[in-house]
Structure formats: structure tokens, C-alpha cells
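Dear colleague,

I am passing a structure on to you, and below it you will find notes on what came out of it. Please read them alongside the sequence and the 3D view.

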Amino acid sequence: VREAVVSTQSTGDRKHIADPGMHSIPSCTISPTGKWLACQSMDNKITVFATQKLRLNRKKVFKGHMVAGYACQCNFSPDSAYLVSGDADGRCFIWDWKTTKVYKRFKAHEGVCGGCTWLPHETSKLLTCGWDGKIKLWD
């Protein structure tokens with residue numbers, strides 16, 4: 001049985017999540033509202049847990065990218081309307097939070113695109129970094 005142990009820093013509470021179908025989760029991020037924990041899974045999905053009780057939200061699964069074998073970062077937009085992730089092929093994926101559908105995808109780097117994040121004060125702009133040694137600003 002595969003399991004994850006999640007603990008809150010403020011209270012020290014711990015929750016064990018055991019699921020035989022669970023894959024490794026090398027990267028997680030919390031939504032700006034603090035309500036959701038998005039987890040990049042090695043089965044090429046981003047799964048989402050409600051932070052209040054750490055319950056899996058089965059309606060929020062984001063797929064279409066290929067991350068198996070890489071710790072690609074995922075992030076929320078500042079208004080929590082979108083989720084972004086890089087992938088092993090150097091692409092950047094943006095999903096609509098409400099529909100979980102791919103909103104946009106584009107080739108960002110040669111090789112793995114390991115990190116993506118929005119600028120907090122210029123929310124139309126996105127930063128990516130890749131194994132090609134470049135950091136890029138997208139508008």
C-alpha cells in the first residue's frame with residue numbers, strides 16, 4: 001500500500017492517506033485561498049485535496065501533460081482561476097480550474113520544464129524554468 005503523510009505546520013496535525021493506486025508525489029502547492037492542495041503525481045496527473053480535512057477531490061484531476069520521472073512544479077494563478085505545470089517534453093500547460101480542461105499549452109523549453117509560476121503583481125505574466133538552463137518570462 002502506498003501512502004502519503006501530510007502534516008500542518010501550524011498545528012502539527014498529521015493525516016495518513018493510503019491508496020494502493022497512489023503514485024509518488026514529488027511536488028505540491030497550496031492555492032492562494034488556502035482551500036486546496038494540488039499534488040503533481042508521477043502518473044501524469046495533478047490531484048487535488050481539500051486542505052480542511054485532506055480529502056481527495058475526485059472532480060479535480062488535471063491531465064494531458066507527461067511528468068513521469070521528473071519533479072515538475074505545479075502552481076495556481078493568483079486568483080486561483082488556473083493551474084499551471086511544466087512537463088518532461090518542455091511544454092507548459094495551463095488548465096482552467098473550474099472545468100479541469102487544458103486552457104493553453106505551449107513549448108516553453110528544450111528538455112524538461114521543471115517550474116512555472118505567475119508573477120503575483122502582474123498576473124498576466126508567467127515565469128518558467130527548464131533543464132535548458134533558461135528562465136523565461138511569458139505574457
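In this predicted model, 4 strands form an open sheet in the order S7-S8-S9-S10, with antiparallel pairing; strands are DSSP runs of E, at least two residues long and numbered from the N terminus, and two of them pair if DSSP finds at least two bridges between them. The edges are strand S7 (74-76) and strand S10 (102-107), each of which pairs on one side only. Within the sheet, strand S8 (residues 82-86) and strand S9 (residues 91-96) are joined in the antiparallel sense over 5 bridges, and Tyr-82 stands opposite Asp-96 in S9.

Local features need pLDDT of at least 70 and side-chain atom pairs count only at pLDDT 80 or more, while totals for chains, interfaces and linings use all residues, and side-chain values use heavy atoms, leaving out hydrogens and water.

The structure also holds 8 aromatic pairs (rings of Phe, Tyr and Trp, the last by its six-membered ring, with centres within 6.5 Å; planes under 30 degrees apart are stacked, over 60 edge-to-face, the rest tilted). The rings of Phe-62 and Trp-95 have centres 6.0 Å apart and planes at 70 degrees, so this pair is edge-to-face; it links strand S6 (residues 55-63) with strand S9, across 33 residues. Phe-62 and Trp-97, with ring centres 5.6 Å apart and planes at 20 degrees, are stacked.

Kind regards

Conventions. Residues numbered from 1 in each chain as written.
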